[in-house]
Amino acid sequence: MTREVGHEPRRARHSGAASVPRVVRRARRASRRNRRSATLTALTAIMLMYTLLPLAWLAINATKTQEGLFRSFGLWFDGDFALFGNIADTFSYNDGIFTRWLINTLLYVVVGAGGATLLATLAGYGLAKFDFPGKKAVFATVIGAVAVPGTALAVPTFLMFSEMGLTNTPWAIIIPSLVSPFGLYLMWTFATDAVPKEILESARVDGAGEFRTFFQISMPMLAPGMVTVLLFNVVATWNNYFLPLIMLKDPDWYPLTLGLNSWNAQAATVGGDAVFNLVITGSLLTIVPLIAAFLLLQRYWQSGLAAGSVKE
């Protein structure tokens, strides 16, 4: 009994000594996690400020008059709230040319971006679900086309369209917008897993043709990928500047990007009007449709639409 009692404090001391480093290690790990969390929070705050600060500047300065832009601080309001007056002047200035630029941009987006999304979906689905000779060569071509910047193709595209007599027409903007290598690659990879082969085989056994299978069965499953490609194409076409710059001469066919730049350049011309307040207000109005498109289409950004459709 005496020996057993004598050993108990020794074991207790040993157990207590071993538990101290364990507690210290836990505290150190918690401290490292907290430091990482603080670092990520700081980086997120910096990126948030970097993203929202230009938008705040644009929204604040759209409320100022031409004189108020130069007599007030850029990140605070002026005494005169002129937002609604600026909007009215933007749409009425130069015989309402801003409305024409807005309609042109919508035309380029609906036909160009919409057509590019449809073509990318059809091609990506076909490449993902059908085997044919030369498929690897097509894959290499698509990857190579993704790596080529659009500005590198602008001059050859201009020369080709000039030979066909299509410059200074809407087709000079719409036709190049129909080609989206990145959208094709994205739909190719998405359709590979989004549409199970078992569903396609079941539809073919039931007598459905390929077009009916695609439009009635596959397309709903491809909706998240299609919306993603559509938004990429919409943003690219809506913000397109360099291609219209070299293709268009007639201001009646300008998109918003080129039209607002022409207003901004008026201040540097002899006898030109400085309408910086209208340029800023027009820029604010330009981003409103993009924000609305993202808000309306975000509910389609979900995966797993085909989950559970195939019973194992």
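Phe130 is partly exposed, because its relative accessibility is 30% (buried means under 20% relative accessible area, exposed over 50%, partly exposed in between, with a 1.4 Å probe and protein chains only). This is a predicted model, in which local features need pLDDT of at least 70, side-chain atom pairs count only at pLDDT 80 or more, and totals for chains, interfaces and linings use all residues. Residues are numbered from 1 along each chain as its sequence is written, and side-chain values use heavy atoms, with hydrogens and water left out.

**Aromatic pairs**
- There are 13 aromatic pairs (rings of Phe, Tyr and Trp, for Trp its six-membered ring, pair if their centres lie within 6.5 Å; planes under 30 degrees apart count as stacked, over 60 as edge-to-face and the rest as tilted).
- Tyr125 and Phe130 form an edge-to-face pair, because their planes stand at 80°, with ring centres 6.2 Å apart.
- Tyr125 counts as buried, at 5% relative accessibility.
- Phe214 and Phe215 are also edge-to-face, with centres 5.0 Å apart and planes at 80°.
- Phe214 is buried, with a relative accessible area of 4%, while Phe215 is partly exposed at 43%.
- Look for a cluster too: ring pairs link Phe91, Tyr93, Phe98, Trp101 and Trp263.

**A charge over a ring**
- The charged end of Arg100 sits over the ring of Trp253, 4.9 Å from its centre (the rule asks for NZ of Lys or CZ of Arg within 6 Å of the ring centre and within 35 degrees of the ring normal).

- Phe84 is exposed, with a relative accessible area of 64%.
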